[in-house]
Amino acid sequence: MSIALATGYAAAQVPDLGTRKAGDDWPTFLGPHHNSTSDEKGILTQWDAHPPRIIWERKLNTGYSMPTISRGRLFLFERIGDQLTLTCMTSEGGTDLWSYAYPTKYEDMYGYNNGPRCSPIVDDDRVYIYGPLGKLTCLNVVNGKVIWQVDTFEKFNVVPNFFGVGSTPVIEGDLLIAQVGGSPPDSEPIGSGHTKGLDSGIVAFNKHTGQVVYHITDELASYSSPVTATIDGRRWCFVFTRGGLVGFEPATGKVDFQYPWRARINESVNASTPIVVNDMVFISETYGPGASLLKVKPGGYDIVWRDGPNEREHMQAHWNTPIVREGYLYGCSGRHTGNAELRCLDFKTGEVKWSQPRLTRSSLLYVDDHFICLTEYGRLLLLRVNHEKFDMAGMLALGDDDGTEKLKYPAWAAPILSHGLLYVRGADRLLCMELIPVTQ
């Protein structure tokens with residue numbers, strides 16, 4: 001009996017609750033293309049005269065992650081009290097449908113919030129969540145019943161990372177590929193600087209059963225999410241681990257290369273997701289070496305360019321993932337609020353075309369020849385895609401009637417778009433806004 005039948009709903013039988021038929025679902029972290037870009041058209045661009053209206057809003061509990069959307073359902077993963085909670089609600093109205101929760105004792109060692117970092121992943125009739133203490137859970141999208149669950153910390157002896165688990169897995173065929181980063185039994189804490197990995201840096205699970213299919217590399221886990229791509233007819237998976245970029249064949253786990261790329265200081269993380277354009281892969285971090293572009297091939301890579309130790313880094317992406325459009329890369333560069341700049345680079349050379357300071361740290365969503373830019377203090381900007389200059393088309397300061405801001409610091413999650421509706425979050429509120437009006 002298949003898992004779909006055992007849980008009561010085959011994928012084709014999952015009812016679509018959405019009424020807005022134009023547009024696309026946003027079923028996983030960074031969207032259907034895994035790069036924070038949308039194919040939808042017809043966005044509102046005259047924000048002064050016709051700003052996107054708020055359809056609904058919701059008070060949030062503890063966490064950092066954005067929701068995901070599939071078949072008219074929105075899946076929100078957060079911490080409520082001492083329970084990690086997945087809530088399924090209607091994406092167009094924000095009405096709760098069901099919830100699932102399990103207890104947690106996670107405490108952030110640096111005093112950041114104690115909620116989940118990873119977004120849910122929806123694949124047909126299943127939704128997956130990855131908690132900050134490594135519990136990987138598969139549930140039915142219609143009724144929230146658990147299909148399988150794996151405690152990766154216990155199974156692979158994971159030493160807790162600086163900020164818990166923060167790398168959203170990826171679905172590839174019948175596999176769910178996740179960063180795990182297990183260690184030997186006598187491994188030292190991550191803060192010691194001497195933590196070692198043991199053959200489970202990357203683990204592929206059977207997405208239907210949770211059984212381990214393979215585990216590879218001695219890398220420790222990072223906060224960057226895996227990305228899959230087809231290059232010259234061959235499937236690849238790229239994972240920017242704590243130690244650097246790993247390129248491998250996702251069906252078999254055969255490793256093609258490992259490219260070391262991390263800061264020398266121990267208290268550092270790799271968090272920006274790799275960007276794949278044709279046969280080139282871009283990575284960036286903000287604690288030391290900056291960015292590098294590789295041209296990949298079976299069994300290895302060639303370095304196209306890389307930031308050097310004695311020069312100004314071209315791009316130092318922190319937790320945001322830059323976006324490439326027509327040969328140019330756009331993204332926020334900088335570790336701290338005060339030094340962060342929005343930049344445009346020539347993708348193939350790394351040359352900085354322009355920089356815009358004083359926006360604070362920000363995240364981008366590309367749609368319809370524009371960027372939606374969310375700053376960490378809750379300002380929402382509409383930018384024209386322009387490699388010659390910073391080109392702002394509109395700005396929204398979202399506030400309540402009493403003058404308080406709707407999106408409070410830290411607004412660190414990139415906006416998402418599904419079926420014309422834009423979703424943005426701050427520290428304690430999720431907004432759903434109509435970016436693309438429904439035409440009759």
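**View 1. Glu351 pairs with Lys353 in a salt bridge.** The closest N and O atoms of Glu351 and Lys353 are 3.8 Å apart. A salt bridge here is a side-chain nitrogen of Lys or Arg within 4 Å of a carboxyl oxygen of Asp or Glu. Glu351 is partly exposed, at 42% relative accessibility. Lys353 is partly exposed too, at 34%. The classes go by relative accessible area: buried is under 20%, exposed is over 50%, and partly exposed lies in between (1.4 Å probe, protein chains only). This is a predicted model, in which local features need pLDDT of at least 70, side-chain atom pairs count only at pLDDT 80 or more, and totals for chains, interfaces and linings use all residues. Residues are numbered from 1 along each chain as its sequence is written, and side-chain values use heavy atoms, with hydrogens and water left out.

**View 2. Arg79 and Asp82 form a salt bridge.** Their closest N and O atoms lie 3.1 Å apart. Arg79 is buried, at 8% relative accessibility. Asp82 is exposed, with a relative accessible area of 51%.

**View 3. Asp391 meets Arg384 in a salt bridge.** The N to O distance between these side chains is 2.8 Å. Asp391 is buried, with a relative accessible area of 15%. Arg384 is partly exposed, at 39%.

**View 4. Salt bridges link Glu57, Asp400, Lys406 and Arg429.** Shared partners join these four residues into one network. Side chains of opposite charge can pair when their charged atoms come close. Across the whole structure, a search finds 21 salt bridges.
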